[in-house]
Amino acid sequence: MMKAAVMGYGTIGSGVAEILEKNKAVIEKAAGQEIGLKYVLDLREFPGSPVEDKIIHDFSVIEQDPEVQIVVEAMGGLNPAYPFVKACLLAGKHVATSNKALVAAYGTELLEIARNHKVNFFFEASVGGGIPIIRPISTCLTGEKIEEITGILNGTTNFILTKMDKEGWSFDAALKEAQNLGYAEQNPEADVEGHDTCRKIAILTAMAAGMEVNYEEIYTEGITQISDTDFQYAEKIGMSVKLVGSSKCRDDKTVSAYVLPLMISREHPLYMVSDVYNGILVKGNMLGTTMYYGSGAGKLPTASAVVADIIEAAKHSDENVAMGWSSQKQKIAPMEKNEFHYFIRISGQPNEMLPKLAEFGPGEVISIGRPDEFAVISKKMSEAEFKKVAAGIEGIIKTIRAER
């Protein structure tokens, strides 16, 4: 039997404990041995819960117990998650986590410690929740040169944008509903400002490139400035707005990576990814494009991915599984070099303003019946070129990058 410990008995930690108990026979068959939960580390007591007799409050109990071979980190954040995970790996224990902040900030160091101590640091649940994406990249697609990864990686923002798109809600109303349903925190900044998606695309980029990616170098823009009016224009031309994280190989040394609201057409594979679901496109140079779709968050979907990592650790209890990335730094191209079409809302009358917009290309006038404004979509331009042209034009209300 392999003994496990769970650090943090919140949404994910309790889900892991539940699955380990309910799917005990299935897990034992897959892992080749029984997985028993010995400890649950938390500040609280949880009287009457299924793990009441397993609750401890002192991390050193887990660290110093030789019976504990696999530790699940489900606390979130960086402190004390980082020092606790590092100590577990140094003590020769496997670790599985769903903590994207931890992986993005300290993944390089923790992977190296795991290799040196012949244990594993697994993080399948850190990017797509219950969607398998880390292991497919590290195993199924190892013969491919990954040219692009683009995805809707945050269920909260996708829920908000879906409400605005399909039901005409304002951003504020959709955010409040997301909070009422438990999809968004009371402080939703990490989601709506794109930080969560940024960390996830950084992890995927590092996996694809095999090199360390500094998430702070990735251009990140959230959805707080997207309005219901923008969606009225998008519907008029058969498009929608999604928050995407994207990573594209520019050459053998440089990657373009960014997080931003993107206006996409009905033909785009991510157009139909709605509500709290996630969708991830991975393009290989030989295979072409594959898509991974499913529940990107939630108690049991995310916990299921963590349990899969526990099983993988049990199957490789005495060895390190080659995966992750090196300490070599991946170069991220400046945002100014990326090219998009641009959706542009402009105040004024088309006959007066179109001559001033000529440098954007022969954009078709888009009207939703507002007497004081209209919109166009520019030709494909670099970010630097667009900013230069836009700076000389008065009356621009809003711009959203677009893919046609």
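Start by selecting Lys163 and Glu167. Both sit in helix α8 (residues 155–167), and because they are 4 residues apart, about one helical turn separates them. In an α-helix, residues three or four places apart point the same way, since there are 3.6 residues a turn. Look at the side chains of Lys163 and Glu167: they meet in a salt bridge, at 3.0 Å from N to O. Lys163 counts as buried, at 16% relative accessibility, while Glu167 is partly exposed at 47%. Keep in mind as you click around that this is a predicted model.

Next, pick Arg401 and Glu383. They form a salt bridge too, with the closest N and O atoms 2.7 Å apart. Arg401 is in strand β17 (residues 396–403) and Glu383 in helix α15 (residues 383–390), so this pair ties together parts 18 residues apart in sequence. Both Arg401 and Glu383 are buried. While you're on salt bridges, select Asp230, Arg345, Arg370, Glu373 and Lys398: salt bridges with shared partners join them into one network.

How many salt bridges does a search of the whole structure find? The count is 24. For another example, show Asp196 and Lys100, whose closest N and O atoms are 3.1 Å apart in a salt bridge. This pair links distant parts of the chain, with Asp196 in helix α11 and Lys100 in helix α5, 96 residues apart. Asp196 is buried, at 8% relative accessible area, whereas Lys100 is partly exposed at 24%.

Stay in helix α11 (residues 195–209) and move to Met207. Is Met207 buried or exposed? With 7% relative accessibility, Met207 counts as buried. Leaving aside neighbours within four places in sequence, its contacts include Phe123, Ile134, Met323 and Trp325. Ile137 is another contact of Met207; the C-alpha atoms of these two are 7.0 Å apart, although 70 residues separate them along the chain.

Now colour helix α4 (residues 81–90), where Ala81, Tyr82, Val85, Ala87, Cys88 and Leu89 are buried. What do the buried residues of α4 pack against? Their partners include β1 (2–7), β4 (68–73) and α5 (100–116). Just after α4, check the backbone at Gly92, which has a positive phi of about 80°.

Last stop, the surface: select Arg250, Lys253, Lys331 and Lys337, which form a positive patch. Arg250 is in the loop between β9 (239–249) and β10 (254–265), and counts as partly exposed at 40% relative accessibility.

How values were computed
Residues numbered from 1 in each chain as written. Heavy atoms only, no water. Patch = residues over 30% accessible without salt bridge, like charges linked within 9 Å, V, L, I, M, F, W, Y side chains within 5 Å. Areas by Shrake-Rupley, 256 points an atom, 1.4 Å probe, with all protein chains shown as cover. Salt bridge = Lys/Arg side-chain N within 4 Å of Asp/Glu carboxyl O. Lys, Arg positive; Asp, Glu negative; His and termini not counted. Charge placed at Lys NZ, Arg CZ, Asp CG, Glu CD. Helix = DSSP H or I, 4+ residues; strand = E, 2+ residues; numbered from the N terminus. Buried < 20%, exposed > 50% of the residue type's maximum accessible area, 1.4 Å probe, protein only. Contact = heavy atoms within 4.5 Å.
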